[in-house]
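Open the model in your viewer and have the selection tool ready. The stops below go in order.

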Amino acid sequence: MEGLLSVIEELYQGKITASNTRVKVYKKSFKEHEQARLIMVKTNGIRYILVVGKGSLFDDLQGENIGKGKACPLSHENRLVLNRYFDYTVPRAFGTKIATMGLGDRLGLASPGHIEAIKGRLVKPILAQQSIRELTLTNRTMNDMLDAAAFAVFQEGYEGGYGADGDHIKQESDIQMALELGISMLTLDCSDYIPTGIGAKSLEEVRSEFEKYPKDVQDYYNERYLHQTFDVNGVAISFDEETLIKYVLEYDEALKYMVHVYNEYISKLDRDFDFEISIDETETITSPMAHFFVANELTSKGVKVISLAPRFCGEFQKGIDYIGDVEQFERELSEHALIAEYFGYKLSIHSGSDKFRVFPIIAKHTKGIVHVKTAGTNWLEAVRVIAKTNPYLYRRLHTFALRNLEEALKYYHITPDLDSIAPLDSVTDENLADYMNNDAARQVLHVTYGIILTAKDDNGEPLFKEEFYKTLDEYEDEYIESLVHHIGNHVDTLGL
């Protein structure tokens with residue numbers, strides 16, 4: 001710490017700030033490299049990396065000279081410098097031998113809490129995880145996502161490894177961009193290639209469509225599957241004509257895209273990488289037999305996946321517990337898990353936030369090797385902190401969310417019972433946080449995050465965003481504590 005204390009003292013005296021405010025020091029971030037020493041601090045709500053000493057690291061970090069050192073902003077350029085000098089700040093792949101949890105951070109503030117929640121657990125964090133949809137709705141970029149995660153890792157001194165997921169990516173241009181930026185995981189969303197309504201058609205209807213395929217394609221599928229039985233870790237899977245044809249019609253185009261993306265991009269990488277296939281963002285439930293069909297085709301074509309996300313029975317709606325027949329879910333989940341084990345990848349549970357009813361089932365059948373995605377629940381914990389600490393702000397955004405729900409429903413499927421939400425004027429300030437215990441209120445606030453964070457007044461100024469961030473900055477420790485409790489409950493219930 002030699003030398004840094006004097007720089008901190010100069011910060012406290014206002015050398016780079018407009019007013020003298022106390023400097024918060026993140027002691028866990030202290031790091032030495034050759035002749036340079038670094039630590040992260042915060043003053044006036046702005047974080048800096050202070051560096052003293054000399055050498056290439058000192059020279060490479062960009063910042064304002066202060067006495068014996070420099071105060072370096074948390075810029076994209078400085079993140080890249082940290083990546084070059086400290087491997088633990090670089091996202092990494094984890095493969096198939098350990099559980100992972102996607103911890104989407106829509107605000108860029110949640111990772112310190114996430115890190116604390118998973119320390120010492122049998123799970124690795126995917127700290128950077130946002131879909132193109134989420135980034136668009138919050139006016140963030142993939143670099144913003146990557147920067148926030150790396151700086152959080154540095155702040156917390158966390159050297160246990162973390163991942164970065166280009167989540168639910170569909171377009172090749174976005175795949176190329178994400179790979180160039182250094183993500184360690186890609187979730188390929190194949191929903192655009194999976195037609196709906198096939199399951200409801202008659203044998204005659206689907207047979208007619210199947211016969212439009214080239215003869216060699218028909219022969220290929222018939223020879224591989226028709227009237228064949230496969231033993232998959234004790235699960236017998238057999239294909240009759242109708243079942244086979246429907247799976248071909250549902251997944252053939254998607255399979256072509258999966259294979260293309262793998263061969264064109266993933267197989268050419270010269271680094272470890274976690275490639276996930278998502279077939280969950282559709283109305284078509286993935287039966288265990290359909291899961292086997294997709295996995296078997298991928299394996300036969302040399303596509304190596306780390307995880308695969310089926311569309312499970314029941315409903316995995318945002319922000320609330322599982323909806324559906326738990327016994328049916330367990331029957332099917334047990335077979336999905338055996339299929340994943342058979343092919344050597346992890347089962348992936350999407351929209352996994354708050355699914356406490358089925359977490360013990362998932363834990364039992366995946367044997368601790370699973371990938372679970374969460375995202376919106378971390379935003380909701382931020383809203384909970386707002387409700388507890390800034391009731392005036394919470395009341396405004398609650399009203400705004402209800403008024404703009406229809407716009408948000410263009411992007412998300414939820415079925416909230418709006419009548420169950422207590423009128424805002426009937427709830428005291430002390431009880432506002434109770435809205436986060438109501439399923440309907442949780443869902444409304446969950447799906448309107450983008451509208452809330454980007455809303456502007458008539459003068460083009462943010463309606464909520466600046467005050468939202470300022471409040472969470474002021475109550476930083478409370479947000480961390482809330483995440484540790486809530487995400488910790490997820491990890492506990494999953495047996496990790």
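A residue counts as buried when its relative accessible area is under 20%. This is a predicted model.

Select K318. Its relative accessibility is 18%, so K318 counts as buried. K318 sits in the loop between β13 (307–309) and α12 (326–343). Leaving aside neighbours within four places in sequence, show the residues in contact with K318: R133, S351, Y412, I414, Q443 and H446.

Next, select H350, in the loop between β14 (346–349) and α13 (359–366). H350 has a relative accessible area of 6%, so it is buried too. Not counting residues up to four places away in sequence, H350 touches several residues, among them H168, E276, D280 and K373.

Which residues does the UniProt annotation "binding site" cover? According to this unreviewed entry, they are H168, K318 and H350. Colour these residues: the lining of the largest cavity takes in H168, K318 and H350.

Now switch to the cartoon view and follow the closed barrel of eight strands, in the order β6-β7-β8-β9-β12-β13-β14-β15, with parallel pairing. On average, neighbouring strands of this sheet are turned by 25 degrees against each other, direction ignored. Zoom in on β9 (residues 185–189) and β12 (residues 274–278), which run parallel and are joined by five bridges. Here L186 stands opposite F275 in β12.

Notes. Residues numbered from 1 in each chain as written. Predicted model: local features only at pLDDT ≥ 70, side-chain atom pairs only at ≥ 80, totals over all residues. Heavy atoms only, no water. Pairing = 2+ DSSP bridges. Helix = DSSP H or I, 4+ residues; strand = E, 2+ residues; numbered from the N terminus. Axes fitted to C-alpha atoms, helices over the stretch in contact; angles between N-to-C directions. UniProt positions renumbered as here; feature names shortened; annotations may be inferred. 1 Å grid on protein atoms, 1.4 Å probe; cavity = no way out; pocket = protein on both sides within 12 Å on 5 of 7 lines; lining within 4 Å. Buried < 20%, exposed > 50% of the residue type's maximum accessible area, 1.4 Å probe, protein only. Contact = heavy atoms within 4.5 Å.
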